[in-house]
Amino acid sequence: MLVSAAALAVSAGPLATVARAAARTPKVLVIGLDGALLSRVKDAAAPHLGALMAAGLTAPSSIYANPLAPTLSGPGWSTLITGVWPDRHQVKDNAFTGARFDLYPDFLTRVETAKPALSTYAVSSWAPITETVFSTKVDTRVSTPAAEYDTGTTARAVARLRDADPDAMFVHLDNIDHAGHSHGAASAQYLDAVRTADAQVGEIVAAVKGRPRYAAEDWLIMVTADHGHTDAGGHGGSTLQERQTFLIATGPTLSAGSVRHDVKMPDVAASALAHLGIAIDPAWNLDGRPVQQPAPDDFDALRGQLGTRVDETGIPASVVGFTHTPPAGWSVDNSAMGTGGVTEWRGWSFTTDEFWTQSQRDQNRECNVRARNVFAVADGDEWSDKSLTGTFDSTLVSPAFPVTGGRAATLAYTTHYRHESPQKGEVLVSYDDGAPVTVKTYTADAPSRAETLTLQVPAGATRARVRFRYTGGNNWYWVIDGVKISQV
């Protein structure tokens, strides 16, 4: 198994830890398994991928669907490699028409720009990755000839690790996706393709560990996928199986055998940059954040308290994914809320992508890409699918955030709001539990985005509390996540 720099030095004491960390050279390897499903990796009992999971982090995740982008390889690999979602890089298909790689370049290009002395290398079984997504600034880009396919890609990656000194590498293997298209994800052939790819991952990882200077190197190894597959075969649609991806990662600060639900597709690029000591400039507008720097919010603490469906029929009975009980310090005011309706969505609820998106597909719920793990949702549309009285009127109330009076503060949160009149979303702020004042109103679609609002804190105020009030009926929904107030 791979062991992190921190783990290697624990037995030697703090002075040795500092000396060893200072001496080791950070390096990154990203391996992409096209069309791989984490569930089928586990079914295949793949030993090499299993060893990586035992040694580090496993993070199941999900991606978008139309209208943001279909679950195709072009948008998928572009998201993983650039660190931004399709609404930024603008890749919507496998033709890459309209791509904005000039604004959002691949992570190896960012490495070359920040640290040109580092050696970068990309090899791919699917040529568009190395010919279109990765730029000419990358030191070496290799598109494996079709006749050699993944065998040739693996051999080239192994040779590069053996014969050269790469600092950042990307390797793409394609045959799992091929098996998915030809035979379906539920087939024996798909499992065989997973096992073959697992053996190839094993060869590449062995080449890392076999390097003469391996003991002096600090490797972050990440294995990921661009999309999933249906049991019958194929992808591009909005089913949860097609929207599945994952990250398996070993490296510093990543605990052995750990599982997380806050990791998203763009984090791969951000994690690679952070490991190589490249500061992420806010002006880059990356959607990814380094997995080495987790930032859980209050809602994430609810994951262990989530329950299964009550009234919903489209969500599998085994899926655990909602609660009405807010986290510590938060509350929900349903004093003006109508009665009846679908239990899961009566007032603000706390849920997950896996649960919420299966309540009803193809209504843009799949495009809620910037919320992570557990998030809050007010969904008048789903609530109205059962007999009810009154209207939807529910307010999510935050804890009191400490503030300093007389200074500006920033209210930050992620939101995904779909509108239909007479629905309305209001953000209100109160100071020292005084009268709430409206600081933002949503009366038009506001697709998934990070929101920042400047607050003018009154003189003498010491606490600020935020309220998110959703009013409407059989309209649409509002998602809130990652709420915080900060002052510089």
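1. The largest pocket in this predicted model has a volume of about 990 Å³. It is lined by 31 residues. Closest to the centre of this pocket are Asp287, Arg289, Thr414, Ala450 and Lys484.

2. Where does the largest pocket lie relative to domain 1 and domain 2? It lies between them, because domain 1 (25-284) and domain 2 (300-487) both give residues to its lining.

3. β17 (408-418), β20 (446-456) and β22 (477-486) each supply at least two residues of the lining of the largest pocket. The most comes from β22, which gives 4 residues.

4. In the largest pocket, 13 lining residues are nonpolar, 12 are charged and 6 are polar.

5. The second largest pocket has a volume of about 630 Å³. Its lining counts 29 residues. Nearest the centre of this second pocket lie Pro60, Ser61, Gln244, His261 and Glu354.

6. Which helices and strands each supply at least two residues of the lining of the second largest pocket? The helices are α3 (38-43) and α13 (353-356). The strands are β2 (57-62) and β7 (244-250).

7. The lining of the second largest pocket divides by class into 12 nonpolar, 11 polar and 6 charged residues.

8. The second largest pocket also has a place between domains. Domain 1 (25-284) and domain 2 (300-487) both contribute to its lining, so this pocket lies between them.

Methods
Residues are numbered from 1 along each chain as its sequence is written. This is a predicted model: local features need pLDDT of at least 70, side-chain atom pairs count only at pLDDT 80 or more; totals for chains, interfaces and linings use all residues. Side-chain values use heavy atoms; hydrogens and water are left out. On a 1 Å grid over the protein atoms alone, a cavity is a set of points where a 1.4 Å probe fits but cannot get out, and a pocket is an open set with protein on both sides within 12 Å along at least five of seven lines; lining residues have an atom within 4 Å of a point. Grid points are joined across faces, edges and corners, and a volume is the space filled by probe spheres set on the points. Ala, Val, Leu, Ile, Met, Phe, Trp, Tyr, Cys and Pro count as nonpolar, Asp, Glu, Lys and Arg as charged, and the others, Gly among them, as polar. Domain bounds come from an automatic or database domain assignment.
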